[in-house]
Amino acid sequence: MRDINNFKEYFGGRFWAKLKESVVVFDDCIGGKVPFLDDVYSEIKTKKYQPDLVREYIISNKHNRVTRIVPTFTRKDYCVYFYCIKSLEKFMCPNRIDGTFGGWTLSNGLKRQEDAEIVLQEDCLISDIFSSSDISYNPLAWKKYWKEFQTQAYFHYQDEKYNFFLKFDIANFYDCININILENKIRLSIQENDQKELDEDGKIVNYNDDIELLGYFLKFWNRKFEGYKAKNVGIPQDEVGDCSRILANFYLQEYDSIMFELCQEKGAKYLRYADDQMFFTDNEKTARYLLFEASKELHKIGLNINSSKVDEFKTRSEFEIYWSFDIFQILSEENKENKVEIEKAVNIYLKRSNSEKRIKSEMVLNRLLSFRLDLIEPSLRYNIKSKLFDKEYLSTGNFWIFQRIYKILSEKEKDDFFTVLDELINDVNFNSFHYNLMKFYKKVRRDFDLNILKQRINVLKI
């Protein structure tokens, strides 16, 4: 393990700022960062450290009312987890496979290799979308690479040799990662990338302590429900540090290599962002063969494909409509205040969202919220407002979405907005809504009794 001075260097201003952004406000005071880090380091060094009980579990609507549960850790546990990943990330983030995104480091948000792939024009970057963690450690990197993932999808979609498109993801991805396999993969990566790094005393740095500390944290962070028995499967979806994102992406690197080579053999293309994956093939048979092989390879590391989220697109038109490529091309940065172009995009979206065609409606609405919707004609404005006020959409919303909607509303519309949100307080069972609403109301509605939200949160506690 590093000496105490090196340990402290890991925790810059951005780290402490991100802790403050947690939707679950810390109710304690550390009494100074330096003495606090001294105590954390001492606990680790003397082997007295053990993870605290989770402060709270944030429960959100993952998909079709299926829950995503994100723990919020104490400051000490955030520090330990963050330290481990910062120490080991250089062994986990290299060796990235072309077409895979999400493996940037905490130290440097934009990896050189990924930058080299971004060769398409900026106006082809096709959407704004936000991660399950609303306060990602590097939100600009997250947004940049999600856009690039979608841009690559658009680029391959335009290639006429691909006639069949298949999208899928991994079932309960984070919950199924085998911690022992993960540790072994990290050790193997260190051996393969042995740089004989020296510490300040000229001694070769030994990373075994950091791997063991990471494994200890991952196996016992959920002690509140799993007791003192070591947890061997499943990593947390952390709220503020992006640590689990790095681990999850690294866990799939060998799988990526295998799928990339299979696609090369079959004249297909493979794209992945986190657990969202796509095959671009010239026929249905090849796509289903690749899906079958993906299932086998994932099974070897304890993972499975989510059968309910395998989407086949048998025509180019289906795929284009689902991803709304044409809408996002209209909604380029240069058109942020272009009334005519915004209305054009809104008209296309409204027509599709009211039909039976598959469309990523939430993704389009999120993008539209970055534009001057207050400029459009009253009738269009009324129709798009009805989509933004939809209770299902708002129930999965976060502070950013609430704030963006609020900014484009008239005073009368703001009152209507509050009425809808108030009605959802008792209707929604996912406390992520209530935590984000509380943060929003603290800023814009100071006459509201926050105890109403606090009581609802207490009722919904795990």
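How many cavities of 30 Å³ or more does the structure hold? In this predicted model, the count comes to two.

The largest cavity has a volume of about 50 Å³. Its lining is made up of Leu373, Arg381, Ile384, Lys385, Leu388, Ile408, Leu409 and Glu413. Helix 17, which covers residues 378-388, is the element that gives the most to this lining, supplying four residues. Sorted by class, five of the lining residues are nonpolar and three are charged, while none is polar.

The second largest cavity holds about 40 Å³ of space. Around this cavity lie Phe15, Tyr78, Tyr81, Phe82, Asp238, Val240, Gly241 and Cys243. Here the element that gives the most to the lining is helix 4 (residues 75-92), with three residues. The lining of the second largest cavity comprises six nonpolar residues, one polar residue and one charged residue.

Turning to the strands, five of them form an open sheet with mixed pairing, in the order 3-5-6-4-7. The edges are taken by strand 3 (100-101) and strand 7 (311-313); each has a single partner strand, so one side of each is left without a neighbour in the sheet. Within the sheet, strand 5 (residues 269-273) and strand 6 (residues 276-281) run antiparallel and are joined by five bridges. One of the residues involved is tyrosine 273, whose bridge partner in strand 6 is aspartate 276.

Finally, phenylalanine 433 deserves a look of its own. This residue is found in helix 21, which spans residues 431-444. Is phenylalanine 433 buried or exposed? Its relative accessible area is 0%, and because buried means under 20%, phenylalanine 433 counts as buried. Leaving aside residues up to four places away in sequence, phenylalanine 433 touches Leu394, Ser395, Phe402, Leu421, Leu424, Ile425 and Val428. As for leucine 453, it stands 20 residues from phenylalanine 433 in sequence, and the two are 10.0 Å apart in space, C-alpha to C-alpha.

Definitions and conventions
Residues are numbered from 1 along each chain as its sequence is written. This is a predicted model: local features need pLDDT of at least 70, side-chain atom pairs count only at pLDDT 80 or more; totals for chains, interfaces and linings use all residues. Side-chain values use heavy atoms; hydrogens and water are left out. On a 1 Å grid over the protein atoms alone, a cavity is a set of points where a 1.4 Å probe fits but cannot get out, and a pocket is an open set with protein on both sides within 12 Å along at least five of seven lines; lining residues have an atom within 4 Å of a point. Grid points are joined across faces, edges and corners, and a volume is the space filled by probe spheres set on the points. Helices (H or I, at least four residues) and strands (E, at least two) are DSSP runs, numbered from the N terminus. Ala, Val, Leu, Ile, Met, Phe, Trp, Tyr, Cys and Pro count as nonpolar, Asp, Glu, Lys and Arg as charged, and the others, Gly among them, as polar. Two strands pair if DSSP finds at least two bridges between them. Buried means under 20% relative accessible area, exposed over 50%, partly exposed in between (1.4 Å probe, protein chains only). Contact means heavy atoms within 4.5 Å.
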